[in-house]
Amino acid sequence: MSLIAVVEIDHPDLALTPTIRSTDASVQVVSHTATDPETGMFFFLVETDDFPAFEASLESDHTVEASLLVAEAATTRIYRLRHTSGTKLISPITTEMGGLMLEAEGTDTGWSVRMQLPDRETLGGLWEFCDREDIEFHIDHIYSLDDVSVDGVGLTDAQRDALLAAYEAGYFEEPRGTSLEELAADLDISPTAVGGRIRRGTSRLVERTLVEES
């Protein structure tokens, strides 16, 4: 039976990890490009209030061989990156094992990855690969595609923290009891980042409760 796994991975040589650790940007892999191990090119959606700082970090990031800005808005940009030969990636091995990378979002130290896998044996094989590569591998959630419980929606820790903080502070009330700026100060991230986490977390809740139920 197919399953969804949300895992946290961490290693200094994982793609963009140096940049993620040194900036306050919210970084996501554009998922439909992340499963192609042949191109060597990956696309990243970046949200930040300080793109000069983000691009300066890209310049010194040892996992980035080349970067190209392909689309931009006020606080959101998409970059196409080519990684260096020493960069550690799990998307190619996930694809080879019959899995599908659904989402990858930067955390404070590495990546939170949501993937669809054929079975638990495949998840075990992926863990063994990460163990051989000295990549820290922590399972946050596992659920089958038939599981629509709220505990199985696959929120990242960052999304869960942002949604809970927003709810407890009255962000979803009318009138709102707090602002993105206040939430950002409480969570020690930028308003752009907290807004992105609330938006993506809400989308995941709707997807796993309302859409699949209907």
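Asp50 is partly exposed, with a relative accessible area of 39%; here buried means under 20%, exposed over 50%, and partly exposed in between, with a 1.4 Å probe and protein chains only. The model is a predicted one, so to speak of local features takes a pLDDT of at least 70 and side-chain atom pairs count only at pLDDT 80 or more, while totals for chains, interfaces and linings use all residues. Residues are numbered from 1 along each chain as its sequence is written, and side-chain values use heavy atoms, with hydrogens and water left out.

Asp50 sits in the loop between β3 (41-47) and α2 (51-60); helices (H or I, at least four residues) and strands (E, at least two) are DSSP runs, numbered from the N terminus. Together with Asp24, Asp49, Asp108 and Asp188, Asp50 makes up a negative surface patch. A patch takes residues with over 30% relative accessible area and no salt bridge, and like charges are joined within 9 Å. Asp and Glu count as negative, Lys and Arg as positive, with His and the chain ends not counted. The charge is placed at CG for Asp, CD for Glu, NZ for Lys and CZ for Arg, and the areas come from the Shrake-Rupley method with a 1.4 Å probe.

Another member of that patch, Asp188, turns up in the loop between α6 and α7 (191-211). Asp188 is exposed, at 68% relative accessible area, and has a positive phi of about 60° although it is not a glycine. Asp134 has a phi near 60° too, again positive in a residue other than glycine. Its place is the loop between α4 (120-132) and β8 (136-144), and Asp134 is exposed, with a relative accessible area of 60%. As for the backbone at Pro175, a cis peptide bond joins Glu174 to this proline, with omega about 0°. Pro175 belongs to the loop between α5 (157-168) and α6 (180-187).

On to the salt bridges: the count is 7, a salt bridge being a side-chain nitrogen of Lys or Arg within 4 Å of a carboxyl oxygen of Asp or Glu. In one of them, Asp10 meets Arg21, and the closest N and O atoms are 2.6 Å apart. Asp10 lies in strand β1 (residues 3-10) and Arg21 in helix α1, so the pair ties together parts that are 11 residues apart in sequence. Asp10 counts as buried at 16% relative accessibility, whereas Arg21 is partly exposed at 41%. Helix α1 spans residues 17-22.

With Glu72 the N to O distance is 3.5 Å. Arg77 counts as buried at 18% relative accessibility, Glu55 is partly exposed at 28%, and Glu72 is exposed at 54%. Elsewhere, salt bridges that share partners join Glu47, Glu105, Arg199 and Arg200 into one network.

Strand β5 (residues 76-83) pairs with β4 (residues 64-72) in the antiparallel sense over 7 bridges, pairing being called when DSSP finds at least two bridges between strands. A hairpin of 3 residues joins β4 to β5, and Leu69 has Tyr79 of β5 as its bridge partner.

Note on methods: Patches are made of residues with over 30% relative accessible area and no salt bridge: like charges are joined within 9 Å, nonpolar side chains (Val, Leu, Ile, Met, Phe, Trp, Tyr) within 5 Å.
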